[in-house]
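User: Can you walk me through this one? I'd like the overall picture, then the helix packing.

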Amino acid sequence: MTMGLTVGTEVSNLLRAKVPKIMLPPTFESTSTISTLRGGAVVTQKGPNPAVATYNLYHKHMPHIAKFFIAGFVGNTLFYRIIQMMEPKVAALFPSLGEGNLSSATFLLSYLVEIPFQHVINAALCYTLSSILVNPSDPKQPKKSRYLQTLAYTYATYVNAMLITTLVKRGLEEAGIGGQPSFWISVYGVGVFNMFILNRAMK
């Protein structure tokens with residue numbers, strides 16, 4: 001647990017340092033204030049927030065399957081980084097693990113650490129962030145309750161996928177397909193399953 005929390009903190013710091021802030025839906029910030037200098041005086045104008053406008057266009061025109069693969073790419077890139085951070089920690093904690101077992105154990109633990117981040121990434125890039133805060137079938141549901149509900153759905157979906165993905169990855173490694181190819185084939189191979197399940201859960 002301590003190792004997972006440590007890696008989670010490291011990932012949060014990594015996101016703050018290297019990943020731009022996720023654009024918020026209009027319910028959070030729909031206007032922007034621009035101050036310009038004209039004739040020696042500061043003129044302040046209010047207008048539509050360009051970030052929100054771009055966010056709305058993205059969700060309006062981007063096909064859902066494309067959005068899911070974009071979110072998957074962002075999440076899986078983060079997942080791969082978590083694996084790199086976790087592997088030496090797992091190896092130090094369990095020195096008797098063989099190479100194959102070390103790879104599988106690191107993969108499983110990293111998967112569990114990454115799920116809360118993927119939950120937010122999916123919301124932002126597939127459904128809008130408000131989807132994990134507002135229940136369309138029960139608008140009076142508290143935001144915290146809705147967030148925990150959708151997080152539980154995401155964990156339930158990804159834990160099942162995690163077991164399948166780990167078996168696929170291990171099979172590929174035993175067949176001589178290791179490293180990055182086995183990682184990307186296994187996570188994207190099971191990604192379609194995740195898409196269909198999460199689409200039902202987010203409604």
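User: What share of the residues counts as buried?

Analyst: Of the 203 residues, 37% count as buried. Keep in mind that this is a predicted model.

User: And the accessible surface, what does that come to?

Analyst: About 11700 Å². Carbon and sulfur atoms hold 66% of that surface.

User: How many helices and strands are there?

Analyst: Six helices and two strands. Starting at the N terminus, the order is α-β-β-α-α-α-α-α.

User: What part of the contacts comes from residues 24 or more positions apart?

Analyst: They make up 69% of the contacts with a separation of 6 or more.

User: On to packing. At what angle do H4 and H5 cross?

Analyst: Roughly 150 degrees. H4 covers residues 99-127 and H5 covers residues 143-174. Their axes come within 9 Å.

User: So what does that make H4 relative to H5, parallel or antiparallel?

Analyst: Roughly antiparallel, because the angle is over the cut-off of 145 degrees.

User: Left-handed or right-handed crossing?

Analyst: The crossing of H4 and H5 is right-handed.

User: Which residue classes make up that contact?

Analyst: The contact of H4 with H5 has 13 nonpolar residues, 11 polar and three charged.

User: Now the loop between H4 and H5. Asn 135 lies there. Is Asn 135 buried or exposed?

Analyst: Buried. Its relative accessibility is 7%, and the cut-off is under 20%, so Asn 135 counts as buried.

User: What does Asn 135 touch, leaving out residues up to four places away in sequence?

Analyst: Gln 141, Arg 146 and Gln 149.

User: Take Gln 149. How many residues along the chain separate it from Asn 135, and what is the C-alpha separation?

Analyst: They are 14 residues apart along the chain. Their C-alpha atoms are separated by 9.8 Å.

User: Back to H4. How does H2 pack on H4?

Analyst: H2, residues 50-61, packs with H4 at an angle of about 75 degrees. The axes are 8 Å apart. H2 and H4 are therefore roughly perpendicular to each other.

User: Which residues make the contact?

Analyst: From H2, Tyr 55, Tyr 58 and His 59. From H4, Ala 123, Ala 124, Leu 125, Cys 126 and Tyr 127.

User: What about the classes there?

Analyst: The H2 contact with H4 has seven nonpolar residues and one polar, with no charged residues. For H4 with H5, the count of charged residues was three.

Conventions
Residues numbered from 1 in each chain as written. Predicted model: local features only at pLDDT ≥ 70, side-chain atom pairs only at ≥ 80, totals over all residues. Heavy atoms only, no water. Axes fitted to C-alpha atoms, helices over the stretch in contact; angles between N-to-C directions. Helix = DSSP H or I, 4+ residues; strand = E, 2+ residues; numbered from the N terminus. Parallel < 35°, antiparallel > 145°, perpendicular 65-115°, else oblique. Left-handed = near helix turned anticlockwise from the far one by under 90°. Nonpolar A, V, L, I, M, F, W, Y, C, P; charged D, E, K, R; others polar. Buried < 20%, exposed > 50% of the residue type's maximum accessible area, 1.4 Å probe, protein only. Contact = heavy atoms within 4.5 Å. Areas by Shrake-Rupley, 256 points an atom, 1.4 Å probe, with all protein chains shown as cover.
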